[in-house]
Structures are given as structure tokens and as C-alpha cells.
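This briefing is meant for someone meeting the structure for the first time, and it is arranged by topic. Please keep the sequence and the model at hand while reading.

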Amino acid sequence: MKSLRWGLLAAGTIAAEFAAGVEESKHGVLEAVAARSGDRAAEFASRFEIPKCYGSYEDLLADPDVDAVYISTPHPLHGEWAIRAAESGKHILCEKPLTVSVGEAEKVIEAARVNDVFLMEAFMYRLHPQIRRLAELISCGAIGEVRAVDVAFSYDFVVPRLTDPALGGGGIFDVGCYCTSLARLVSQAATGQDVVEPEEVLGMARLDENGVDEVAFGLLRLPGGILAQLACGFRLTQDDHIRVYGSQGQLYIPKPAWTHEMRKPRTSQIVLTPEGGEAEVIEVEATQGLFAREADHVATHLADRQAPELTWAETLANLRTLERWRAAVAR
């Protein structure tokens, strides 16, 4: 396979994680980076030995040596630059959420379709062997009929964008999106459907003075009669976890794939406890870092224009769920 030449739109923390992943990937190379500040782009390029740096996103998109772009700008800028990347003929990996509204996401998807480029929302956790194994255990009936799922993802520190409504702030967009994605995946694995959406969405949140959700809880009624309990936030200290309850047992993941320690190659655990039986620890080995895996996944599926785990329909279904959750917690 020909190497996929990456350009990075933005030079923040998550861009650095992805850049390190591309360096470890089998099929990707770092070609260019762009930032709003030329000095910042130059510093980032020096750090990762990237050949080219630009002080504007437009200049990077005009570079004929860039095959694909990784977009990690603030959330509200995702849509604009994904569309402009598609119009420039670049393949696109865009950080989650793809956009801050379903309507805008539909425009991005249409731009990818019209310009015949690959597009994937960067939910890297979905590609981890741990999550794939979880879905397999559910679909093969390891815990019987699935009845409920409990998902939590939170942290207790604040960066300015999180408290700014104009920047798509709030815990639901930042980390609650993983919770909705995982809960829906459980329902999909249990029912055999490719894409599902909740039949009912309820929510409650603690809002700051700007109306941004600092801590949010959600309840979903999913196909298959499955109830989901979600907890997220950026002012909340709790243990991230995934629990799936069935008629014949339960599955527990104490360190979900999205946690920082799971992003590097290592063995993770799924605890299977059958009804009335002893717990069994299932070890799942990941031999490749999560961002390297993500970069290679894009390269592998370029010709398909969509990734099988993260189709455009999947992205839209998750965004619709997020919109309903945010509406439920709004004052």
C-alpha cells in the first residue's frame, strides 16, 4: 500500500497524540501541519520532524503532496474545514463530534460524497480490540438477553473551550458523545442492527453560568428493550467504566479504550460474570497504539470512502442522540 501523506489542521494536544500515532503507523507519514500561528506550526513541525508547516489552513489544503487531513480545530470549526478539505480533494479524518449539529454534518457528508473523498469521524475507541471483543461477546449471547448498560466518562479540569457555548462547550459534546456511541453499539450488537437510535432520551445536568453542561446524566431507551445510564462531565471525578447487564450475567470494563492508558499498546481486561458463577477475566491484547490504528484504518478503507465501524449513518445517528440529550438538559 502506498503511504498516506497526512496534513494536520490545528496543532493542539490531540493533534500531537495523532501525530505520534502516524509516526507509529504502518501506512501513514506526516507531510504538513497548519496552525493559526505560523510560529506554533513551526514549533509543532520541529517537534515531530514534519517537512512542511503553514500559518494558515488554506495553504495546507492547497498543498498537492497532502493526501488526507486530520481536523482537530475547536468543534464549531469542524464543519467549515471538513467541507473545504473535501472541496480540495483531501480525504478527511475529523475529530468528534463531526460537527455541532446534524444539519451541518449532513452538509459535510454531502461534500465528501460529491467530491468523492473518504470521511470518518475520529471515534478512535471503536477500533480498539477491547471494544470489538465486547461487541462479539454481546452478539454471541455470552450474557444472554441484554437489558441495561451503564457508561461513564468524565474528568475534573477545565480548559477555556469547555465553558464557552460559542466553542461547542460542555461535557456532552466533549465526552458524553463516547457514552452515547457505546450505548448504541451495545444495542446494535444485541439486536443485530447496523445502526440504532434511542426511542427515548431523558437527561439532567448541572449547568454553569453560561448554560454549559459541566456534569450531565442521561437515560436512553434503546431498541431491544435496553436501558442505558450515561454519566459525563468535566467537573466530575469518577471511575470511567462500561457495564453491560444481561439475563445470564454481566460484562464489566474497568478501563475503557478511550482512557489515556489504553491508547498505547497494552493488554486490557473485560470481566465476564455469569449469573450465579465466578468472574472470568478476558484479556484483550492491543499490539498497536490507538491513534496509529486509527491512521491505518483510514488508509485501509480509503477506497470505500467510509469506515465500516464508523459509517456516515452511524455519525448522524450519534449526533441526533447528542442533540436530544443536550435539549433534555437545557434550561
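Val186 is buried in this predicted model, because its relative accessibility is 1%, below the 20% limit that burial requires. The residue belongs to helix α7, which covers residues 171-191. Val186 and Ala148 are separated by 38 residues in sequence, while their C-alpha atoms lie 9.2 Å apart in space.

**A covered helix**

- Helix α8, made of residues 290-300, is mostly covered, since 10 of its 11 residues are buried.

**Aromatic rings**

- A pair of aromatic rings is described by the distance of the centres and the angle of the planes.
- The count of aromatic pairs in the model comes to 12.
- One of these pairs joins Phe18 and Tyr70, whose rings are stacked with 4.1 Å from centre to centre and 15 degrees between the planes.
- Phe18 is part of helix α1 (residues 13-24) and Tyr70 is part of strand β4 (residues 68-71), so the pair ties together parts of the chain that are 52 residues apart in sequence.
- Phe18 counts as buried because its relative accessibility is 0%, and Tyr70, also with a relative accessibility of 0%, counts as buried too.
- A single aromatic cluster is formed by Phe123, Tyr125, Phe153, Tyr178 and Trp258.

**Charges over rings**

- Arg243 places its charged end over the ring of Tyr252, at 3.9 Å from the ring centre.
- Arg326 has its charged end over the ring of Phe173, and here the distance to the ring centre is 4.0 Å.

**A region named in the record**

- In an unreviewed entry, UniProt lists residues 131-251 under "domain: GFO/IDH/MocA-like oxidoreductase".

**Enclosed space**

- Rolling a probe the size of a water molecule over the atoms shows where empty space is left.
- The count comes to 1 cavity of 30 Å³ or more, and the largest cavity holds about 30 Å³ of space.
- Residues lining the largest cavity include His128, Pro129, Met262, Arg263 and Lys264, and among the others are Gln288, Leu290 and Arg293.
- When the lining of the largest cavity is sorted by class, there are 4 nonpolar, 3 polar and 3 charged residues.

**Backbone features**

- Most residues other than glycine have a negative phi, and most peptide bonds are trans.
- The peptide bond from Lys96 to Pro97 is cis, with omega near -15 degrees, and Pro97 is found in the loop that runs between β5 (91-95) and α5 (102-114).
- Glu49, which is not a glycine, has a positive phi of about 55 degrees, and its place is in the loop between α2 (38-48) and β3 (52-54).
- Glu49 is exposed, because its relative accessible area is 73%, and the limit for that class is over 50%.
- Arg305 likewise has a positive phi, near 70 degrees, and lies in the loop between α8 and α9 (312-329).
- Arg305 counts as partly exposed because its relative accessibility is 22%, a value that falls between the limits of 20% and 50%.

How values were computed. Residues are numbered from 1 along each chain as its sequence is written. This is a predicted model: local features need pLDDT of at least 70, side-chain atom pairs count only at pLDDT 80 or more; totals for chains, interfaces and linings use all residues. Side-chain values use heavy atoms; hydrogens and water are left out. Rings of Phe, Tyr and Trp (its six-membered ring) pair if their centres lie within 6.5 Å; planes under 30 degrees apart count as stacked, over 60 as edge-to-face and the rest as tilted. Helices (H or I, at least four residues) and strands (E, at least two) are DSSP runs, numbered from the N terminus. Buried means under 20% relative accessible area, exposed over 50%, partly exposed in between (1.4 Å probe, protein chains only). A charge sits over a ring if NZ of Lys or CZ of Arg is within 6 Å of the ring centre and within 35 degrees of the ring normal. UniProt positions are given in the numbering used here, feature names are shortened, and annotations may be inferred rather than shown by experiment. On a 1 Å grid over the protein atoms alone, a cavity is a set of points where a 1.4 Å probe fits but cannot get out, and a pocket is an open set with protein on both sides within 12 Å along at least five of seven lines; lining residues have an atom within 4 Å of a point. Grid points are joined across faces, edges and corners, and a volume is the space filled by probe spheres set on the points. Ala, Val, Leu, Ile, Met, Phe, Trp, Tyr, Cys and Pro count as nonpolar, Asp, Glu, Lys and Arg as charged, and the others, Gly among them, as polar.
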